[in-house]
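Subject: Structure handover and findings on salt bridges

Dear colleague,

Please find below the structure for your review.

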Amino acid sequence: MQHETARRSNRDRTEATRADLIRAARKLFTEKSYAETGTPEIVAAAGVTRGALYHHFADKQALFAAVVEQEAAMVAAEVDHASPDSLSAREALIAGSDAYLAAMREPGRTRMLLIDGPAVLGRAAMDEIDNRHGNRSLREGLVAAMRAQSVIKLPAEALTALLAAAFDRAALAIEAGASAKDYRTVLLALMDGLSPAPPPSTRPAPSR
């Protein structure tokens with residue numbers, strides 16, 4: 001029993017150290033950017049040694065990848081929370097879109113996920129992270145909308161990728177000071193444009 005308790009205690013300490021490193025790194029990466037943050041700052045902020053850092057992560061880039069993964073998961077969780085199953089497919093898409101833009105206004109998040117992430121980790125690695133989190137939420141919403149016939153049937157992967165790129169571009173523009181209202185209006189118009197065309201009227205033409 002004592003051996004099991006000691007092993008669990010060691011595991012808890014290990015997980016706590018890793019969490020401390022991610023938390024400290026996130027704060028510095030969002031405040032200063034990846035390039036401007038050094039590992040000595042991170043370990044000092046986390047209250048651990050450099051040895052502890054390299055025990056958990058191969059290097060600063062690996063730590064950054066863990067921070068980005070966690071950040072992307074947080075954004076996806078906010079989107080999922082805002083678009084419960086009780087909403088219609090179209091309502092869920094709109095609510096999820098609003099939640100995404102709101103979540104990306106967290107200071108430093110847009111730069112981390114949309115600028116530093118691809119630059120540091122590479123586009124392929126960021127696509128994999130996005131597909132586990134934000135793009136997954138969007139793809140599920142689009143598939144549900146297609147099944148509900150509130151969105152025309154299109155290849156789901158391609159549609160997800162293109163709409164996600166539009167949302168990311170909106171987040172970047174809003175971060176730079178553009179009108180959030182204007183970008184939301186255009187994004188809603190894009191989604192409305194995916195609605196099936198109403199059937200032509202079968203009523204007879206009025207007599208003259």
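Predicted model: local features only at pLDDT ≥ 70, side-chain atom pairs only at ≥ 80, totals over all residues.

With which residue does Glu 41 form a salt bridge, and how far apart are the closest N and O atoms? The partner is Lys 32, and the closest N and O atoms lie 2.4 Å apart. A salt bridge here is a side-chain nitrogen of Lys or Arg within 4 Å of a carboxyl oxygen of Asp or Glu. Glu 41 is partly exposed because its relative accessibility is 31%, and Lys 32 is partly exposed with a relative accessible area of 31%. The terms are set as follows: buried is under 20% relative accessible area, exposed is over 50%, and partly exposed is in between (1.4 Å probe, protein chains only).

Residues are numbered from 1 along each chain as its sequence is written, and side-chain values use heavy atoms, with hydrogens and water left out.

The structure holds 16 salt bridges. One of them joins Glu 106 to Arg 26, with 3.8 Å between the closest N and O atoms. Glu 106 lies in the loop between helix H5 (89-103) and helix H6 (109-121), and Arg 26 lies in helix H1, so the pair ties together parts that are 80 residues apart in sequence. Helices are DSSP runs (H or I, at least four residues), numbered from the N terminus. Glu 106 is partly exposed at 35% relative accessibility, whereas Arg 26 counts as buried at 18%.

The pair also belongs to a network of salt bridges that links Arg 26, Glu 71, Glu 78, Glu 106 and Arg 109. Within this group, Glu 71 is located in helix H4 (residues 60-82) and counts as buried because its relative accessibility is 0%. Leaving aside neighbours within four places in sequence, Glu 71 is in contact (heavy atoms within 4.5 Å) with Arg 26, Arg 109, Met 112 and Leu 113.

Asp 130 counts as buried at 18% relative accessibility, while Arg 123 is partly exposed at 43%.

Yours sincerely

Definitions and conventions: Helix = DSSP H or I, 4+ residues; strand = E, 2+ residues; numbered from the N terminus.
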